[in-house]
Amino acid sequence: GDWSSDVCSSDRAPYSTTNLPSLNAPESTIDQQWRIWTAREIQQRALLGHYVLDGLTARMSGRPTSVRHAANSLNLPSSEAAFEASTSQAWLNCMHSENPNQPTFRSIFSSLFSLQEPPPANLTFSAFSFRVILEGLQSLVSDCADDHATVGVPAKPEVRTALLQVYIWITASTHLPSADTLEILLQWHTTCLNACIDSSLLCRHICARYSISQHVWGGSQAAIPGLDLVKWANSEDSRRALLHAIAIQEMVEQLPRGRAHVIHIPSCLFSAATIFSVFALAGIAQVNLPSVVDWKYLVSRTDGDASAGLATF
């Protein structure tokens, strides 16, 4: 069905904090509001999960997303502590310590691309919120995959600036467990990698170039017009992509074994492997890597500015 029409339905309104009981309210009142809040929160998270699945499905099938992710009017979900509370009193304590006016994802995306409205500095993002935000940025990256952005879509330099801001948010989120941070950074690196070159298109291009039948990525476009693999492997974008691919590999190796089946990991690894394949096919067997990568510098610089930082490769 068309789940996008459900997003704006009136029964998807967020829980009103005006209904939040006081800390000394009767237990029956607190319990009733907890149940109402839980139903709304589960409903909202299910819809946000559809945004994530929509982005992944679009990438795998080679088709546009079903809805515009940057227009997502849902509010940020509540904290994991509130969502996982085992008693109504524990839930109420969490809710009274949270920001009562959670912004919408649309306003977050708007601030990331607005010169007049700087991104909020005092928000606490959950791991789930980061996944939705990064999936939205990935949809914008896909819309300008051939360096000619769709009308109304930010150009790649603007998307990279937004990715830089999200990186700052992620690294400042000391409240997140280390495994969650690694998973989010995996998704961030993959989005940055795809801002260098669309890894799904690149994989299809390699397979078409060497007459290899593949059943991983869908879509009718089998090759990237005018792409010379050897020439691209010696470009600044390829070196950026390689650093992201190496970071992805290292982070996957650090993840606890129980996190091996997180929804984004297969596509993250496949994107990294595709970049490694390009370098191998181009005959580049050895690459000198910087001992420390300044991701803020790497992501924010334009091609000309980045040449100095990448010259030591």
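Modeller: The account below takes the cavities in turn and then the helix contacts.

The model is a predicted one. The largest cavity has a volume of about 110 Å³. It is lined by 13 residues, of which R59, Q138, T190, H264 and S267 are the closest to its centre. The elements that contribute two or more residues to this lining are α2, α6, α8 (178-196) and α12 (265-281). Of these, α8 gives the most, with four residues. Sorted by class, the lining of the largest cavity comprises seven polar, four nonpolar and two charged residues.

The second largest cavity holds about 50 Å³ of space. Its lining consists of R160, L163, C192, A195, C196, R240, H244, L298 and V299. At least two residues of that lining come from each of α7 (156-172), α8, α11 (236-254) and α13 (295-300). Here too α8 gives the most, with three residues, as it does in the largest cavity, with four. The lining of the second largest cavity divides into six nonpolar, two charged and one polar, whereas that of the largest cavity has four nonpolar, two charged and seven polar residues.

Two of the elements that line the largest cavity, α2 and α6, also take part in the helix contacts that follow. Helix α6 (residues 127-143) packs with helix α5 (residues 105-112) at an angle of about 55°, and their axes are 11 Å apart. The two helices are therefore oblique to each other. The crossing in which α5 passes α6 is right-handed. On the side of α5 the contact is made by F105, I108 and F109, and on the side of α6 by S129, V132, I133, G136 and L137. These contact residues comprise six nonpolar and two polar, with no charged residue.

Helix α2 (residues 27-61) meets helix α4 (residues 88-96), with axes that come within 9 Å and cross at roughly 70°. An angle from 65 to 115 degrees counts as roughly perpendicular, and α2 and α4 are therefore placed in that class. In this contact I30, D31, Q33, W34 and W37 of α2 meet S88, Q89, W91, L92 and M95 of α4. By class there are six nonpolar, three polar and one charged residues, while the contact of α5 with α6 has six nonpolar, two polar and no charged.

Key: Residues are numbered from 1 along each chain as its sequence is written. This is a predicted model: local features need pLDDT of at least 70, side-chain atom pairs count only at pLDDT 80 or more; totals for chains, interfaces and linings use all residues. Side-chain values use heavy atoms; hydrogens and water are left out. Axes are lines fitted to C-alpha atoms, for helices over the stretch in contact, and angles run from 0 to 180 degrees between N-to-C directions. Angles under 35 degrees count as roughly parallel, over 145 as roughly antiparallel, 65 to 115 as roughly perpendicular and the rest as oblique. A crossing is left-handed if the near helix is turned anticlockwise from the far one by less than a right angle, and right-handed if clockwise. Contact means heavy atoms within 4.5 Å. Ala, Val, Leu, Ile, Met, Phe, Trp, Tyr, Cys and Pro count as nonpolar, Asp, Glu, Lys and Arg as charged, and the others, Gly among them, as polar. On a 1 Å grid over the protein atoms alone, a cavity is a set of points where a 1.4 Å probe fits but cannot get out, and a pocket is an open set with protein on both sides within 12 Å along at least five of seven lines; lining residues have an atom within 4 Å of a point. Grid points are joined across faces, edges and corners, and a volume is the space filled by probe spheres set on the points.
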